[in-house]
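Here is a friendly walk through one protein model, with its helices, surface and inner spaces in turn. Keep the coordinates open beside you and follow along.

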Amino acid sequence: MAYENPLNAEKFRESILHHLTYTLGKDAGHAQIYDWRMALSYATRDQIVDSWFRSTRATYAQAGKRVYYLSMEFLIGRLLKDALVNLRLDDRAQTVLRELGIDYDTVLADEPDAALGNGGLGRLAACFLESLSTLSCPAYGYGIRYEHGLFRQSFVDGRQVEAPETWLQQKHAWEFERPEAAFEIGFGGKVIETGSHAVWKPEQSVMAAAYDTPIVGWQAKWANTLRLWSAEPASEFDLERFNRGEYAAAAEHEALARTISRVLYPDDTTEAGKELRLKQEYFFTAASLRDILRRFDSEYDDLTKLPVKVAIQLNDTHPAIAGPELVRILHDERAMEFADAAEIARECLSYTNHTLLPEALERWPVSLMTRLLPRHMAIIERINDAHAAAYPMPKVSALENGEVKMGELSFMMAHKVNGVSALHTSLMKSTVFKDLHKLHPDRIINETNGVTPRRWLLSCNQRLSDLISETIGTQWISDLEQLQKLEPFVDDDTFMDRFANVKKANKTELAEWISENHDLDVDPDAMFDIQIKRIHEYKRQHLNILETIALWSEIKANPKDNWTPRVKIFGGKAAPAYFFAKDIIRLINDVSVVINADPVTSPFLKVIFLPNYNVTLAERLIPAADLSEQISTAGKEASGTGNMKFALNGALTIGTLDGANVEIRERVGPENFFLFGMQADEVAKKRENSNHAADAIAADPRLAKAIEAIRSGKFSPGEPDRYHGIAENLSTSDYFMVCSDFTDYWRAQREVDASYLDKTKWNRSAALNVARSGWFSSDRTIRDYMAQIWNARPLKA
């Protein structure tokens, strides 16, 4: 039986108007869209709070084990529609606003996209929080309340330009400030030895102020908390200096504090940037651990029970300092023996690895760690020595070449270490953690990522979710593997006609939006070929644009051939200091200018790079996609979650055997997946040939011609040498094997072309992708974490 929220439309209307008048101080006749959005948000939040309080009371009453998820990123996106959908109030909200003369979609679009993440790491954390609530598992997410988040991306002459993201310029309707949960966090200073223990006397300190956002699960059965920390000055404003005219100096404590929570991932190519990054990581980790212990102390007086009641998940190495910090608190402040403190910390902590790239496994200079966190440096050395004594061979160390290796430290201090796809986990054991795996053969396990079906199908693709529910019922929303019941309907003409119409309507809507907002007309009947992810060489956006250039040349030379019309859509941000990635963005934009203006090829090929990719843009693009580009170098992508979202929404994948692509292909069927490229072991072997790029270029005239077009300035005539760096990289080192995979990528793309022309076959494969993607739910992933890592159980509110 379908869940029905007991709040009727009349009561909901009264709540909205109450908040409009008494919370916002506006009457309906003078209210702006912002006012209506805030009033609707507050009325919706009221409904969440009831569930939130019930869940909190139930956790205390049942002495439940809590999961604490520590992450530098929580890419939560807009929350209003997400909340309305999970509360089952979305239809009522539309009705009430319509009766009040307000457009529902305009109100939803007014909400800022919370700028709290950059990509898959942060979006995964957001999906996990929602699934934890849906599964009634008591949990907190802990992160930083970034004032400006990552950055707002725009293009000037094709170049990425970064501007501050101003999502907090308006009041954030969903958060509650918690002044009672504030902690002083120190940096620097000195350590005073007192026998077997020590006292750390920090030189600087800031206050960590808590802001809570309730995260409601499906049907509001449970709600958990996202607690974000904002850095505030620990010392008061210096009025004396201000009165002397030293205005900047009087406020320097405030400015220094705010710097810590101002921006996500500040440029760490400078010493100051490195220090700020490490401060950020310690700041939110230390505040979170103190909050965890404060809550534990309110219920229990035996610290040995900590692992029984507390599970702490480290989302990548950013919170890796949690191990030394928890040991410091237990040993120095709670007088526990060091070995016991380390063991209890390890039993509480688990670590998710998200990368096989050595440069992405954080390392901090010992000199910086010693200066900023002197007590922690001593504890790290002691942890490292204890591990070496217990496991002398093979020799493994978290200290190397004057650096602290946070990946190894995380591994040593975790009772479980998980990869995020089957291939990634296997490669962890044989590459980055090869020796540690030999020493701890039972520590590494796999937990393949997933996505929440509430946001990534029910909410973002209403046409398809309505068709699914009308066909098999609504149970799939909380049990995504129910989608397999769709499989018999792929041979039903009526269902398949409706399925095709859903995709056509989504594409038409996207085409209209692109035309209105980006002044480019695209044909909804063309294939929408989409690659949206952060810009990185291993994700190989430059392979995609190389093939696009080669295709353009072929169409131009043979315009009367039977070409499959395509719209190539890119989206993603490059780190501000990652200049090669920024050059790839500019190249794509420059290529789009030339191709889109070509009267010969424009009926068959158009290219657009959409600026400021975020959750909201993803929700617009994914339902309209025909082809999902998952083309990373094999062995480099940990998992990916975009690949799952595309398949779930009926896009076919062109991809390598990398990350979760392997499992997607196994689930949807090889015949419904366009495979190309070398496998991970073949990539490693190919690298042994220093001439691999030159050999590939010599063997493929299309590739050679495309690279020469880039090198010669065909797409940058005013600055012919603009892309010499890209051309030279591809022609020589080409570490990510773009050239070696190009020829097979071209072959696979021509298979895509031929398949798309047979719309009946294509739509059948697309429908099978939907029907067979149910395993990739974050609900399934969280159930596995609960059983295999956290030893946590669901509760009943």
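Ala-694 lies in helix H28, residues 692-699; helices here are DSSP runs of H or I with at least four residues, strands are runs of E with at least two, and both are numbered from the N terminus. This is a predicted model, in which local features need pLDDT of at least 70 and side-chain atom pairs count only at pLDDT 80 or more, while totals for chains, interfaces and linings use all residues. Residues are numbered from 1 along each chain as its sequence is written, and side-chain values use heavy atoms, with hydrogens and water left out.

Ala-694 has a relative accessible area of 38%, so it counts as partly exposed (buried means under 20%, exposed over 50%, and partly exposed in between, with a 1.4 Å probe and protein chains only). If you pick its C-alpha atom and that of Thr-23, 671 residues apart along the chain, you will find 67 Å between them.

Next, look at helix H26, residues 661-668, where Asn-661, Val-662, Glu-663, Ile-664 and Val-668 are buried. After H26 comes Gly-669, with a positive phi near 105°.

Now for the surface. Phe-237, Leu-239 and Phe-242 make a nonpolar patch of about 290 Å². Patches are made of residues with over 30% relative accessible area and no salt bridge, with like charges joined within 9 Å and nonpolar side chains (Val, Leu, Ile, Met, Phe, Trp, Tyr) within 5 Å. A salt bridge is a side-chain nitrogen of Lys or Arg within 4 Å of a carboxyl oxygen of Asp or Glu, and accessible areas come from the Shrake-Rupley method with a 1.4 Å probe, where for residues only the protein chains shown count as cover. Phe-237 sits in the loop between strand S9 (223-233) and helix H7 (239-243), and it is partly exposed because its relative accessible area is 45%.

What about the space inside? Searching the whole structure gives seven cavities of 30 Å³ or more. On a 1 Å grid over the protein atoms alone, a cavity is a set of points where a 1.4 Å probe fits but cannot get out, a pocket is an open set with protein on both sides within 12 Å along at least five of seven lines, and lining residues have an atom within 4 Å of a point. Grid points are joined across faces, edges and corners, and a volume is the space filled by probe spheres set on the points.

The largest cavity has a volume of about 170 Å³. Its lining has 15 residues, and Leu-79, Asp-82, Pro-214, Ile-215 and Val-216 lie nearest its centre. Helix H6 (120-134) is among the elements that give two or more residues to this lining, and H6 gives the most, with four.

The second largest cavity holds about 120 Å³ of space. Among its 14 lining residues, Thr-56, Thr-59, Arg-66, Tyr-140 and Asn-224 are the closest to its centre. H2 gives the most, with five residues.

Finally, turn to the second largest pocket, with a volume of about 1300 Å³. It is lined by 43 residues, and Lys-81, Leu-458, Ser-459, Cys-460 and Gln-462 are the closest to its centre. Helix H20 (462-472) is one of the elements that supply at least two lining residues, and the largest share, five residues, comes from H20.
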